[in-house]
Amino acid sequence: MKKMILVMAVGAITTAVKAQDNKLYLKGGYNLANVTVTGDGAVDDARALSSFHAGLMVDLPIGAGLLSLQPGILYTGKGTKVENGKSTDASYFKATANPQYIEIPMNLVVNLPLADKESKFFVGAGPYAAMGIGGKNKVEGKVFGVGFKSEEKIEFSNDDPTTTGTEEGAGVGYMKRFDFGVNGTAGFAFKNVLLSINYGHGLTKINSGSDNGADDKLKNRVWSLSLGVSL
């Protein structure tokens, strides 16, 4: 299932860039990730975690170029952290969860041409689908000056996104493999360079095995700053 999704995504992007006006970008940048802490979607800014993203994005003009479709495939880090005290204190605690995903965004943007005609400002939105492929949970700290540290690989459930009513492979300590949500994006595209900011708003819980109870509040939130170079 995982290999099939990746092959289909790469194949679709490769096919899309063949048209003359389309542009393929090698894209990467900084993520500021977080996870909601309440059922209404609020986040705790102190729990934000730095990460990164890298991958490919295509700009596909529609009609006269006022609109573009921007599909992509990205390797991206999400997650959150909990920290009590400072590393210089006698007692200190820090735990981070940094799951890694292959994400496929599909944004529709409005293009506003700039003065040099080869540049534009764009703004838009669209859905995304992401599949967890790795990541680590880390714990470190000190108790009365005695340090401790541990690290373990994040385990994902084997949930099949094509089925409903069941969640295969769910359990305590497992994270849901598939994440779905919506994006908002804006930026500038010049002749060979693209600069953009993106906000990813997860709509599905990330912890496996829970229903609509207290544990259903955990959803991904990610701000991203990107630099793209046309290929």
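This report covers the cavities, a surface patch and the salt bridges of a predicted model.

## Ground rules

Residues are numbered from 1 along each chain as its sequence is written, and side-chain values use heavy atoms, with hydrogens and water left out. In this predicted model, local features need pLDDT of at least 70 and side-chain atom pairs count only at pLDDT 80 or more, while totals for chains, interfaces and linings use all residues.

## Cavities

Rolling a probe the size of a water molecule over the atoms shows where empty space is left. A cavity is a set of points, on a 1 Å grid over the protein atoms alone, where a 1.4 Å probe fits but cannot get out; lining residues have an atom within 4 Å of a point. There are 2 cavities of 30 Å³ or more.

## A nonpolar patch

Ile62, Leu66, Leu67, Leu108, Val110, Leu112 and Val123 make a nonpolar surface patch of about 550 Å². Such a patch joins nonpolar side chains (Val, Leu, Ile, Met, Phe, Trp, Tyr) within 5 Å, from residues with over 30% relative accessible area and no salt bridge. Strand S5 brings the largest share, 3 residues. Leucine 112 is found in S5. It is partly exposed, at 43% relative accessible area (buried is under 20%, exposed over 50%, partly exposed in between, with a 1.4 Å probe and protein chains only).

## Salt bridges

The model has 4 salt bridges, each a side-chain nitrogen of Lys or Arg within 4 Å of a carboxyl oxygen of Asp or Glu. Lysine 120 pairs with aspartate 59, with the closest N and O atoms 3.1 Å apart. Lysine 120 lies in strand S6 and aspartate 59 in strand S2, so the pair ties together parts 61 residues apart in sequence. Lysine 120 is buried at 17%, and aspartate 59 is buried at 6%.

Lysine 78 meets glutamate 103 at 2.8 Å, N to O. Lysine 78 also meets aspartate 179, at 2.9 Å. This second pair spans 101 residues, from the loop between S3 and S4 to strand S10. Lysine 78 is buried at 3%, and aspartate 179 at 0%. Shared partners join Lys78, Glu103 and Asp179 into one network.

Notes: 1 Å grid on protein atoms, 1.4 Å probe; cavity = no way out; pocket = protein on both sides within 12 Å on 5 of 7 lines; lining within 4 Å. Points joined across faces, edges and corners; volume = space filled by probe spheres on them. Patch = residues over 30% accessible without salt bridge, like charges linked within 9 Å, V, L, I, M, F, W, Y side chains within 5 Å. Areas by Shrake-Rupley, 256 points an atom, 1.4 Å probe, with all protein chains shown as cover. Helix = DSSP H or I, 4+ residues; strand = E, 2+ residues; numbered from the N terminus.
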